[in-house]
Amino acid sequence: MTNDHPLIQVKNLDLYFGAFHALRNVSVDFHAGELVGLVGDNGAGKTTLIRVLCGIHAPTSGEVFFDGRKVEKFHPKLAIDQGIETIQQSVGLCDNLSIARNFYLGREPVKRILGIPFLDFALMREKSARVIRQFGLRDNVSTDDEVERLSGGERQSVKIGRAVEFKNRVVIMDEPTNHLSVREREHVNELAVQLKEQGLLVIYITHDIFQVHKLADRIVIMENGAKVADASTDAMTAEELEEVIRQGGRVVEKRETA
Amino acid sequence: MAMSAAKPLIRRNAEIGIFLIGALLVILFASTSDGRWANLYNVGTIVQVTATLGLMSLGVALVIGTGEIDISVGSTFGMGALAYLWLAAHVDPLAAAAAAIIVGAAIGLLNGLLVTRTGTPSLIVTLGTLMIFRGIAIALTEGFSFSIPYAARKGWSYFLLGGDDFLDFNTALYWLIAVVAVLLAMLKATPFGNRLLAVGGSAESAHSRGVRVGRIKLSAFVLCGMLAAFAGTLEAGKLGFADGSMGRLMELQAIASCVLGGCVLAGGRISLLGALMGAFVLSSIQSYLVVMGVQPQWFVLILGVIVVLAAYGDKSLRQWALKR
């Protein structure tokens, strides 16, 4: 189920890091209620593209529209306030802080005493524990423990739990199943579909085309910073899309016409 | 084994090392100085020095918490002292102190803006402002000193600002206690404290969660400047005079206090109480050397040796605690 009106519209986006051309004239639309697989090899520009969408990087040129309005300023705070939650691959957790403190970082719940905002520790502990435990956390780990103590899977659980808790309109997942066990992986994939069914836009980044083809409505393939394919999963099989990645550079657009 | 039960405690609380070192030194100094070190008058002096150095160290600790460093605090301390003395001769000391703190905030703002807007490393920025404001202090005093006439050293607000003792201790001590209580609450129990430590832990991750990293760092520099200038105010209130060299080399003692107290220079992990204990240890050592009649020329050398030994002892303790 997709609306005609794109929730996020990216137009002719270019991004340079110094002399490095990280995004090359990327244009792509994303709709609410859609699960889009963003696929490509390492260094293809997937993570860079979503880091623009979640406000970490500002593009060198080109435009991004959110819900019809042009995005003028890029900052994670603005993206989060607009309802874009992102599960980043390598950033997002501060090792020196407790799980509960990381969970609420940047949007801490407070209780005011004499007008001064104090952290609401009881709420932070209780709620973060309840959400994160669904995605896997050893019983002997408390939400007061520092994130440094956690395994790779548990770190991912914290990030996923946080995105689910604060989900609003868009959930972007960058390699969400890395470091996860088979069961946890299934859980995350089911969750991605559930979020979509709730009417959210889900952008799912992976280099495993076969895994995401089963979940997604549409696959966008990137290569060397450019979009090379944009096809609905009804229109192209995973094998066909894999062939596109293997050949590299051949631009394909196939959309279902229903 | 009983000793190994302490390991998790030491792992979690980096400041335990400095508290142990402090306790050892107190026993050592008290037992080897024939009453010259451990008497009320001398302890009062140590407490006064600890209070001013401690206030400065707390500010430096906050900046270290964000992963930056401020070595300009010695000069900020001097500027605060001069501003206070110059104004206290004309207006009420409380207003003079407020003005001195504003001077410190302005220096902190300058440091913070230079660091966050230009991306220049804070070590070099604050080394520059250390020299700039030392130069200004020397130029302002033109080789003379600022002082408050004895006749003007009266009134409750003058006494309140380091000018006298209350319950045998200089009033600076009570300011220190109030400030550390406020800062501890701020650091541990408010969103600002959470974000400050997050920025030091991983600025990139904090940024990705919508934390305004630049603003947090800027706030830490401003607080640090205010605390250093306030410390200078209290020292000026105690002495009644100050010259252009006031607070020289204190920046190094403040940083040493923080590091001895368990603050990690890479950021994200600081202990305010540890930094205070570090300041106490440094003032105790100084005082011991004075009462033992050590020649001033040996003073800095011996202080340095003890600091190195204390730092080594602290590191060894932590490494022992990290072993399973």
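Start by selecting helix 6 of chain A and colouring Val182(A), Arg183(A), Glu186(A), Glu190(A), Gln194(A) and Glu197(A): these residues are exposed, on one side of the helix. Keep in mind as you explore that this is a predicted model.

Now turn to the other side. Here you will find Val188(A), Leu191(A), Ala192(A), Leu195(A) and Lys196(A), which are buried. Look down the axis of helix 6 of chain A: its buried residues fall within an arc of 135°, so they line one face of the helix. To see what that face packs against, show strand 3 (35–39), helix 5 (152–166), strand 9 (170–174) and strand 10 (201–206) of chain A.

Just past the helix, click on Gly199(A), where phi is positive, at about 100°.

Then select Tyr204(A). Which residues does Tyr204(A) touch? Leaving aside residues up to four places away in sequence, they include Leu35(A), Met173(A), Ala192(A) and Leu215(A). Together with Met56(B), Tyr204(A) touches the most other members of the largest nonpolar core, which has 166 residues. Helix 11 (residues 213–239) of chain B gives this core its largest share, 15 residues. In soluble globular proteins, nonpolar side chains tend to be buried together.

Finally, zoom out to the whole of chain A. The C-alpha atoms fill a box of roughly 60 × 40 × 40 Å along the principal axes.

Definitions and conventions: Residues numbered from 1 in each chain as written. Chains lettered and ligands numbered in written order. Predicted model: local features only at pLDDT ≥ 70, side-chain atom pairs only at ≥ 80, totals over all residues. Core = buried A, V, L, I, M, F, W, Y, C linked by C-beta atoms within 7 Å. Buried ≥ 20, exposed ≤ 12 C-beta atoms within 10 Å, placed from the backbone. Helix = DSSP H or I, 4+ residues; strand = E, 2+ residues; numbered from the N terminus. Contact = placed C-beta atoms within 7 Å. Arc of directions from axis to C-beta.
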